[in-house]
Amino acid sequence: MTATAPIVAYLRVSTDRQGTSGLGLDAQRAAVEAFAASTGRPVVATFVEIASGKGADALDRRPELAKALKLARKAGASICVAKLDRLSRDVAFIAGLMASRVPFVVAEAPNADPFMLHIYAAVAEEERRKIAARTSAALQAAKARGVQLGNRTNLEEA
């Protein structure tokens, strides 16, 4: 891929609430568009997904990413994300994408080589682990204070 090859933008948030607010998607779109403008690389398409990025079957549950990869292959384009964790916070998933031979570029780290992308992926994976631990600790603390946990559907069934 050349430095002027077109890009396929991929934007992702994890929850419906984030998708509804649009703020995260707007920020990602702005970052990708700024990257495209600064490098002179045209954006040929933008794919938006509201889905969790975790799990070994993440690609199977993310049809927009699959479409973006297919178009990028066909158009000789690179996938462009605002931040690496928008692809995944899983080192194996990122490594698998690298092995698929569809190049991708991260707007916030445009000069990162594959080695650095692996390092960033490892940092993102560790952050995912820390987020899960903090969330679990907060839920346990709330439960200890007597807060009834669960969503409305689960609470109504109890």
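## Exercise 1: Helix H3

Check that the length of helix H3 (residues 63-75) fits its 13 residues: at 1.5 Å a residue they should span 18 Å, and the end C-alpha atoms are 18 Å apart, which agrees. The expected span used here is 1.5 Å times one less than the number of residues. Helices (H or I, at least four residues) and strands (E, at least two) are DSSP runs, numbered from the N terminus.

A note before you go on: this is a predicted model, where local features need pLDDT of at least 70 and side-chain atom pairs count only at pLDDT 80 or more, while totals for chains, interfaces and linings use all residues. Residues are numbered from 1 along each chain as its sequence is written, and side-chain values use heavy atoms, with hydrogens and water left out.

Now find which residues of H3 are buried, and where they sit around the axis.

**Solution.** 

Step 1. Glu64, Leu65, Ala68, Leu69 and Ala72 are the buried residues of H3. They lie on the same side of H3, because they cover an arc of only 140 degrees around the axis. That arc is taken from the directions from the helix axis to the C-beta atoms. Buried means under 20% relative accessible area, exposed over 50%, and partly exposed in between (1.4 Å probe, protein chains only).

Step 2. Look at the face turned away from the buried side: it carries the exposed residues Lys70 and Lys74.

Step 3. Identify the packing partners of the buried residues: strands E1 (7-13), E2 (43-50) and E3 (78-81), and helix H4 (91-99). Contact here means heavy atoms within 4.5 Å.

## Exercise 2: Salt bridges

How many salt bridges does the model have, and which residues form a network?

**Solution.** 

Step 1. Apply the rule: a side-chain nitrogen of Lys or Arg within 4 Å of a carboxyl oxygen of Asp or Glu. The count comes to five salt bridges.

Step 2. Lysine 67 is partly exposed, at 45% relative accessible area.

Step 3. Go to helix H5 (residues 114-144), where arginine 129 and glutamate 126 are also three residues apart, about one helical turn. Their salt bridge is 2.6 Å, N to O.

Step 4. Finish with aspartate 85 and arginine 86, joined at 3.1 Å, N to O. Both of these residues are buried. Asp85, Arg86 and Arg89 form the network of salt bridges.
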